[in-house]
Structures are given as structure tokens and as C-alpha cells.
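Student: I have not looked at this structure before. Could you show me how to read it, feature by feature?

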Amino acid sequence: MLSYHFKSETYELIKGVFEKIGRYEELISAIKARCEESVAISVLLHDAHFDDAIERAISSTTLHPMMIIEVAEAANERGKKEEAMKLTLKALKQGFISADESVSELIKLLVKGSNERELKEAIGYVKTVSVAEVFADAFLERSQEYAVRVLERFIMEMGKEEIKGYANRLDGEYAMQVCHSWVSKAVNRSHVYYDDAIDILKTMREIAGEEEWRRYIQAFMEANKGKKKLMEKIRGVGLV
């Protein structure tokens, strides 16, 4: 009845019977040996066998990333930070793609407690912009270089307002870098992005010093001199 899907109501009925006859431990042993990995771990979590659930999730090669995250949350809630980080990294490696409040906490923990090698590995596993933004937010306190690095992987999946938001939170050098990455890709993708690119360029002018801006806009115009409409717009709003 529990081989493939865990239902707490059904499990409680079965558990009650085994407890009455004093054979609960046999039930748990049978579930661990015979049921699907996800069912076994669900039972272990349900019955507060957290160490067993964590150990099994860490060693599993078949567990779904969502279940791995569930175990990581349980580990984190009980102060098992190292295990929570290990499980979070494993979930990312296996393709975890969504981000909610609890996942944000796990990613913050991972960013705070990991070494350089582990952080580079984690960034490489990020597969969606929503997870990338959680990483970027966490990196703002530890390493703005890494924040920009993870944002640049998904730069064109973010709108101009998101880019401007990060520009306001990053230090000047990194703010310029993330803006430049977005503008460069946008203007090379299509002319429909020209107005948004101009808006980002205005933000960059506010960030940069006068001499830095002069050098930047000259280099930018030289690199894009074949885009006549873009050049007209830049001159039209007084960016040069």
C-alpha cells in the first residue's frame, strides 16, 4: 500500500496496527528495505527519524530534487548545517529549478558556509533565473563578483527594471559590469531593445564618474557604430 506513494492518512492506519502488536520497528525496517526511496524517506521524516532520512538522502542516487530539498529543510531546522548544505548542493546538481522562501534560506546557508570551490560548483548547477537571483541576492553580502557571475548566465531572462535594481545594490564596478552585459546583449539581439538599452545607459551614466563615462560611451558607440538608429537615440537623449 505504501510501495510507491506516501499518504500520511494511510500510513497512520498501518502504523497504528503495528504499534498495537508491538512491531513498529519491523514496519520501519520493512519500509526502508522494500519501498521506493521517496516513500521510505517520507516515512522517516513523518516519524521524526531525521538522522536516518538525512543519511539516506545523502547517499541516494535516485531521489528527486524536491525530496532532497525537503530533507535539507529538515536538516537545517535541526541545526545540521553541514548536511543541509550538502543536500542543497546535491539538489542543484540533480536539476532543482524552483525557488521559494525555504529554498532561499538554504541557498543563503550554502553561500555563507561554502568554500570557493563549492561556490563555483554550485553556480554551475544553477538552471533557472529564479534560482540565479536567489544566489545573487545571497552573494551581495559575500562576493559581488560572484553575484554578477551568476546573473550574467541568465542576463537576458531579466528585464531592465531588474537590472536597474541590481545596479542600485551593487558597487560601482559591478553595477557597470552587469548593466554593460545586459545592454550589449540586448542591442545585438534586436532593435526592439534600443529604448530599454538607453534607459540602462542612463543608469550607468549616473553610476560612473565623468571621465569613466566618457571613456565607456565612446567605446560603446565605436563598437556599435553600425547601428544607426541606436546611435541617433544615444545622441538624442544627450548621453554623449
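Tutor: Start with one term: contact means heavy atoms within 4.5 Å. Keep in mind also that this is a predicted model.

Student: Which residues is glutamate 133 in contact with, leaving aside its neighbours within four places in sequence?

Tutor: Glutamate 133 is in contact with Leu151, Met158, Glu162 and Tyr166 once those neighbours are left aside. Its own place is in helix 9, residues 129-142.

Student: How far is glutamate 133 from the nearest side chain of opposite charge?

Tutor: That side chain belongs to arginine 169, and it is 8.4 Å away. A salt bridge needs a side-chain nitrogen of Lys or Arg within 4 Å of a carboxyl oxygen of Asp or Glu. Glutamate 133 has no salt bridge, although it is buried.

Student: How many salt bridges does the structure hold?

Tutor: It holds 19 salt bridges. One of them joins glutamate 211 and arginine 214, with the closest N and O atoms 2.4 Å apart. Both residues are in helix 14 (residues 210-223), and because they are three residues apart there, about one helical turn separates them. Glutamate 211 is partly exposed at 40% relative accessibility, and arginine 214 is partly exposed at 36%.

Student: Is aspartate 199 buried or exposed?

Tutor: Buried means under 20% relative accessible area. Aspartate 199 has 18% relative accessibility, so it counts as buried.

Student: What about a salt bridge with arginine 23?

Tutor: The side chain of arginine 23 meets that of glutamate 26 in a salt bridge of 2.8 Å, N to O. Arginine 23 is partly exposed, at 38%, and glutamate 26 is partly exposed too, at 43%.

Student: Next, the rings. How many aromatic pairs does the structure hold?

Tutor: There are six aromatic pairs. One of them is formed by phenylalanine 6 and tyrosine 11; it is tilted, with 5.8 Å centre to centre and 50° between the planes. Phenylalanine 6 is partly exposed at 25% relative accessibility, whereas tyrosine 11 is buried at 0%. Elsewhere, ring pairs link Phe135, Phe139 and Tyr146 into a cluster.

Student: Which charged residues sit over a ring?

Tutor: The charged end of arginine 149 sits over the ring of tyrosine 146, 4.6 Å from its centre. Arginine 78 lies over the face of phenylalanine 50, at 3.5 Å from the ring centre.

Student: How should I read a nonpolar core?

Tutor: In soluble globular proteins, nonpolar side chains tend to be buried together. Here the largest nonpolar core has 90 residues, and Phe135, Leu201 and Ile234 have the most contacts inside it. Not counting residues up to four places away in sequence, isoleucine 234 touches Ile198, Leu201, Ile217, Phe220, Met221, Leu239 and Val240.

Student: Why is helix 3 described as largely enclosed by the rest of the structure?

Tutor: Helix 3 spans residues 37-46, and eight of its ten residues are buried, so the rest of the structure largely encloses it. The buried ones are Glu37, Val39, Ala40, Ile41, Ser42, Val43, Leu44 and Leu45. Their cover includes helix 1 (8-20), helix 2 (24-34), helix 4 (50-59) and helix 5 (65-77). Just after helix 3, alanine 48 takes a positive phi of about 65°.

Student: Last, where is lysine 127 found?

Tutor: Lysine 127 is in the loop between helix 8 (116-125) and helix 9. It is partly exposed, with a relative accessible area of 44%. Leaving aside neighbours within four places in sequence, lysine 127 is in contact with Leu92, Lys93, Gly95, Ile97 and Phe154. Lysine 127 and glutamate 36 are 91 residues apart in sequence and 27 Å apart in space, C-alpha to C-alpha.

Key:
Residues are numbered from 1 along each chain as its sequence is written. This is a predicted model: local features need pLDDT of at least 70, side-chain atom pairs count only at pLDDT 80 or more; totals for chains, interfaces and linings use all residues. Side-chain values use heavy atoms; hydrogens and water are left out. Buried means under 20% relative accessible area, exposed over 50%, partly exposed in between (1.4 Å probe, protein chains only). Helices (H or I, at least four residues) and strands (E, at least two) are DSSP runs, numbered from the N terminus. Rings of Phe, Tyr and Trp (its six-membered ring) pair if their centres lie within 6.5 Å; planes under 30 degrees apart count as stacked, over 60 as edge-to-face and the rest as tilted. A charge sits over a ring if NZ of Lys or CZ of Arg is within 6 Å of the ring centre and within 35 degrees of the ring normal. Lys and Arg count as positive and Asp and Glu as negative; His and the chain ends are not counted. A nonpolar core is a set of buried Ala, Val, Leu, Ile, Met, Phe, Trp, Tyr and Cys residues joined through side-chain atoms within 4.5 Å.
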